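The following exercises concern the structure displayed below. Each task is followed by a solution in steps.

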Amino acid sequence: MNSSEIRNQIIIKLKKIYKPNFTNQELLSFTDEIVKTIGKSNKIKKSKKNFNLSEKTSLLICYGDSVLGTKTNKSIAEFKKFHKKYLSKFFNSVHFLPFYPSSSDSGFAVKDHYQVDKKLGNWSDIKNISKSNSVMADMVINHSSARGLWFKNFLKKKEPGKDYFLTVDSKFNTSNVVRPRDHKLLKKIKIFKKSDYLWRTFSPDQIDLNFKNPSVLIQFIKIMLHLINNGVTIFRLDAIAYLWKENGTKCINLKQTHEIIKILRIVCNSLNKSAIIVTETNLPENENISYFGNNDEANWIYNFSLPPLLVHSLLFEDSRKITSWSKKLPQNKLGNSYLNFIASHDGIGMRPVEGLLNKDAINKMFKRLKKNGGEFSFRKVQGKSKKVYEANITLFNAFQKTDTDPKGKYHYARYLCAHAIMISFEGIPAVYFNSLFGKANDEAKYVITGNNRDVNRYKWSYENITKKLNDKNSKQSIFYQNLGKLLEIKRKQKAFHPNAKRLNINLGSKIFCYERISLDKKQTIICISNLSTKLQYIKINKNLIKYRDLLGRKIFFTFDKKIKLDPCQTIWLSNR
């Protein structure tokens, strides 16, 4: 795409967003600045090859200090050492959660997107990781720290920061605003000789940015290009759905937000190096999927419905809800992808199952998760009432016990079954660092901080985690070996390409089953999981003589040609 084509595409989008508040001449000036910024970035030599989406694509989710630094090594460098020895054969992509200087929320109250937190390392450390991995980084695009440079400059009417933050007056109608938290949304301040209200979607320390000022959008385009020049190729647009606010609306998923994502996609498509956009929209299914746009917004979207549905299905040994959901889930377009996960630095989001699980089912799940050590974070709805926004619990604790398995006999089996489903499902598997080792709730940190999410944000020393992995009988080694085996097998199967076809097979309420078919139609894998704690016998209307279980078990058939499945067992039946 030449600069003239880029310019034409961008000016069309800018007019949709900013007319009539800016003149054509002003919008042309903004367009020229964006095109000039792209041109400067393209002149910089890029060392890594283009991104290649394939069955080998697997993502590790971690913090820059998931492996803590030492006196001689900063955290990211220490992580690189650990990754090279233990993780490189499973993952070719790494998502580092925000590694910038931050004032709160474990990195998500960014003070400066142009710096790496000194405790973690520097840009050279990020570049070093990118030589052997695709690196995903957050653009915390909705808000910025109240203690960062931009906000300090905002209060002084200085650049960069002047008019960067969203203020509204007392006439702004917020009654329909969709909230992800339960604190007070607006903060009254007296600034520039008048009283205004600062908008704070996520916390008092995270002030929402003002995208009605095109300079903010241009600033984030520059941040994106700065990250690309430092080895980042995948961009997670944090909390993007809340970006644009209009009086009297829900202030979520507005058309201007979608147009801004389209501009970022145009920028990515204009670069001399592959760049991937991932939208983080923890919302009901239809709203989440809308961020694919017409193949002109996100390259990948998080499969947010999968975690709560998988947890519910295994806790209550019932596949009906997840099977029904899977049948309706649209097939990816080639090049786009779902990003599958069941654990992350956050909790298990509940908004994605709105309309998928009824109130009784959700409350039943909350009751069980509470017994297993869970806490809950709330969001405000319609005035003063609250609803659970997410369950804060590690996967290890979530699957610990069930109503039918009160002693937790099949605890580990449930845990591995959930991961086997996630890894084999249509899309890209993303595994949280602590989940690889079966980490339980970090009660000690939670007691100190009182932050619910801290139950799932444990940090390891290199010495501690390697000692655990070297003990073959340790819980950490057992999960690492088993999950590693699943990932290693997955990477060799064409039918596990993120865009390989997925067909649902209904085998009753205790079994979750689907078929994956490679793009060249040469390989078929039938993925079958027993969600119950009892033996199950299933029959598939297909000639299975040439099929084998990729997971290594000999298929056991009964006299009437039924397959025997152990409690919480998964098999991957492949025709080659």
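**Exercise 1. A residue in a strand**

Threonine 279 has a relative accessible area of 0% and is therefore buried. The model from which this value is computed is a predicted one.

Task: determine in which strand threonine 279 is placed, and which residues it touches beyond four places in sequence.

Solution. Step 2: threonine 279 belongs to strand β10, which spans residues 276-279. Step 3: with residues up to four places away in sequence set aside, threonine 279 touches Leu237, Ile240, Ile261, Tyr291, Ala298, Trp300, Ile301 and Tyr302.

**Exercise 2. The barrel**

Task: state the order in which the eight strands close into a barrel, and describe how β3 and β9 are joined.

Solution. Step 1: the order is β1-β2-β3-β9-β10-β11-β12-β16, with parallel pairing. Step 2: in this sheet, neighbouring strands are turned against each other by 25° on average, direction ignored. Step 3: strands β3 (residues 134-139) and β9 (residues 232-237) run parallel and are joined by five bridges. One of the residue pairs is methionine 136 with its bridge partner in β9, isoleucine 234. Step 4: helix α6 packs on the sheet, where it touches β3 and β9, and its direction makes about 145° with that of β9. Step 5: α3 lies across β1 and β2 (93-96), and runs at about 150° to β2.

**Exercise 3. A loop residue**

Task: locate aspartate 65 relative to β1 and α3, and list its contacts beyond four places in sequence.

Solution. Step 1: aspartate 65 is in the loop that lies between β1 (59-62) and α3 (75-86). Step 2: alanine 77 is twelve residues from aspartate 65 in sequence, and their C-alpha atoms are 9.5 Å apart in space. Step 3: residues up to four places away not being counted, aspartate 65 touches Ser75, Leu120 and Lys459.

**Exercise 4. The open sheet**

Task: give the order of the five strands in the open sheet, and explain why β18 is described as largely enclosed.

Solution. Step 1: the strands follow the order β17-β18-β19-β23-β21, with antiparallel pairing. Step 2: β17 (501-505) and β21 (548-549) are the edge strands, each pairing on one side only. Step 3: β17 and β18 pair over five bridges in the antiparallel sense, and leucine 503 stands opposite glutamate 515 in β18. These two strands form a hairpin with five residues between them, and glycine 508 in the turn has a positive phi of about 100°.

Step 1: β18 (residues 511-517) also pairs in the antiparallel sense with β19 (residues 524-530), over seven bridges. The bridge partner of phenylalanine 512 in β19 is serine 529, and that of tyrosine 514 is cysteine 527. In this second hairpin, with six residues between the strands, lysine 521 in the turn has a positive phi of about 65°.

Step 2: seven of the seven residues of β18 are buried, so the strand is largely enclosed by the rest of the structure. Both of its faces are covered: Ile511, Cys513, Glu515 and Ile517 are buried on one side, and Phe512, Tyr514 and Arg516 on the other.

Terms used. Residues numbered from 1 in each chain as written. Predicted model: local features only at pLDDT ≥ 70, side-chain atom pairs only at ≥ 80, totals over all residues. Heavy atoms only, no water. Helix = DSSP H or I, 4+ residues; strand = E, 2+ residues; numbered from the N terminus. Contact = heavy atoms within 4.5 Å. Pairing = 2+ DSSP bridges. Axes fitted to C-alpha atoms, helices over the stretch in contact; angles between N-to-C directions. Buried < 20%, exposed > 50% of the residue type's maximum accessible area, 1.4 Å probe, protein only.
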